[in-house]
Amino acid sequence: MTRPRAALTIAGSDSGAGAGIQADLKTFAALGVYGTSAITAVTAQNTLGVVNSVTLSADFVTAQIEAIALDIALDATKTGMLATAAIVEAVAAAIKALELPLVVVDPVIVSTSGAPLLDDEGVEMLRAELLPCAAVVTPNIPEAEILTGRRIHSIEQVRAAAFDIHRMGASAVVITGGHAPGDELVDLLFDGEIFTELQTMRIHTPNTHGTGCTFASAIAANLALGRSVLDAVVDAQAYVRGAIQHALAIGHGHGPLNHFWNCGIE
């Protein structure tokens, strides 16, 4: 029997299940990858926003990662909300010590509403310790601005930011274009040599909660399945587009994507 592909997500829990660990595990399952998890924080939230949260200790995050990696053969790793500098440092150390494969870093720094999710010390730790571990890093435009200190208002500035982030150690960078104005969006991939513009049309819907988590975890799943970085990103963009097109009108705020749209579940 062929061993199933497996991936690990290291991120926060979303009790509304639209983002975070829950979105990652749904994405892994929808794309045919066995999902495992290490939780960094537990949030009380719904489609309207975050009500409260509790951050776990860095040591306990490490214990979760070790428990998985020492038992289950992993083919890719994805990080999301890491919450504190101590957790960022612990996760980077575990990735190196355990030689976790094909790391996709979703640098969760600010919430959609603009609330900080990682302090300045944590951002610096992310730059110094975690980005050099990354096969792919997937900032949106506000996150790319924080990582580079650049203002981004044009595709030329997106290219410059991607170049800067690559120099921080990430093997490949995808700066997603959902925060840019206009109906045509561009996700820019830079692999250290070539810039690739992946264009798509904006879908006008309020139900986009968890888009960034889903995109990064879809890349990780595709890498786990043996696809190249370019193919993994292209397929992830198409998967997220379909999940938004079939998004679920659940709750009274920003509803979640339909992670199982490609499985015929509406």
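The lining of the second largest pocket has 9 nonpolar, 5 polar and no charged residues. In this classification Ala, Val, Leu, Ile, Met, Phe, Trp, Tyr, Cys and Pro are nonpolar, Asp, Glu, Lys and Arg are charged, and the others, Gly among them, are polar. The model is a predicted one, in which local features need pLDDT of at least 70 and side-chain atom pairs count only at pLDDT 80 or more, while totals for chains, interfaces and linings use all residues. Residues are numbered from 1 along each chain as its sequence is written, and side-chain values use heavy atoms, with hydrogens and water left out.

**Second largest pocket**

- The space in the second largest pocket is about 260 Å³.
- Of the 14 residues that line this pocket, I141, H153, V158, A180 and P181 are the closest to its centre.
- Helix 5 (141-148) and helix 6 (155-167) are the elements that give two or more residues to the lining.
- A pocket is an open set of points on a 1 Å grid over the protein atoms alone, with protein on both sides within 12 Å along at least five of seven lines; a cavity is a set where a 1.4 Å probe fits but cannot get out, and lining residues have an atom within 4 Å of a point.
- Grid points are joined across faces, edges and corners, and a volume is the space filled by probe spheres set on the points.
- Helices (H or I, at least four residues) and strands (E, at least two) are DSSP runs numbered from the N terminus.

**Cavity**

- The count is 1 cavity of 30 Å³ or more.
- About 30 Å³ of space lies in the largest cavity.
- Its lining consists of D14, G16, G18, N46, T47, H209 and P256.
- By class, that lining has 1 nonpolar, 5 polar and 1 charged residues.

**Strand 1 and its partners**

- Strand 1 is largely enclosed by the rest of the structure, because 9 of its 9 residues are buried; buried means under 20% relative accessible area, exposed over 50%, and partly exposed in between (1.4 Å probe, protein chains only).
- Strand 1 and strand 2 (residues 34-46) run parallel and are joined by 8 bridges; two strands pair if DSSP finds at least two bridges between them.
- T9 has S37 in strand 2 as its bridge partner.
- From strand 1 the chain crosses through helix 1 (residues 20-30) to strand 2 in a right-handed β-α-β crossover; right-handed means that, with the strands pointing away from the viewer, the path from the first strand over the helix to the second runs clockwise.
- Strand 4 (residues 76-79) also runs parallel to strand 1, with 4 bridges between them.
- In strand 4, T79 stands opposite I10.
- S13 belongs to strand 1 (residues 6-14) and is buried, with a relative accessible area of 13%.
- Not counting residues up to four places away in sequence, S13 touches I21, Q22, I39, A41, V42, T43 and Q45, where contact means heavy atoms within 4.5 Å.

**Positive phi values**

- Most residues other than glycine have a negative phi.
- A17, in the loop between strand 1 and helix 1, has a positive phi near 70 degrees.
- A83, in the loop between strand 4 and helix 3 (85-98), has a positive phi near 75 degrees.
- A83 counts as buried, at 14% relative accessibility.

**Partly exposed residues**

- E66 lies in helix 2 (residues 58-69) and is partly exposed, with a relative accessible area of 36%.
- The C-alpha atoms of E66 and I95 are 9.6 Å apart in space, and the two residues are 29 residues apart in sequence.
- I250 is in the segment after helix 8 (229-245) and counts as partly exposed at 46% relative accessibility.
- Leaving aside neighbours within four places in sequence, I250 is in contact with T47, G255 and P256.
- I250 and R202 are 48 residues apart along the chain, and their C-alpha atoms are separated by 21 Å.
- R150 sits in the loop between helix 5 and helix 6 and is partly exposed, at 33% relative accessibility.
- The contacts of R150, leaving aside neighbours within four places in sequence, are E145, A160, A161 and D164.
- R150 and A7 are 143 residues apart along the chain, with 33 Å between their C-alpha atoms.
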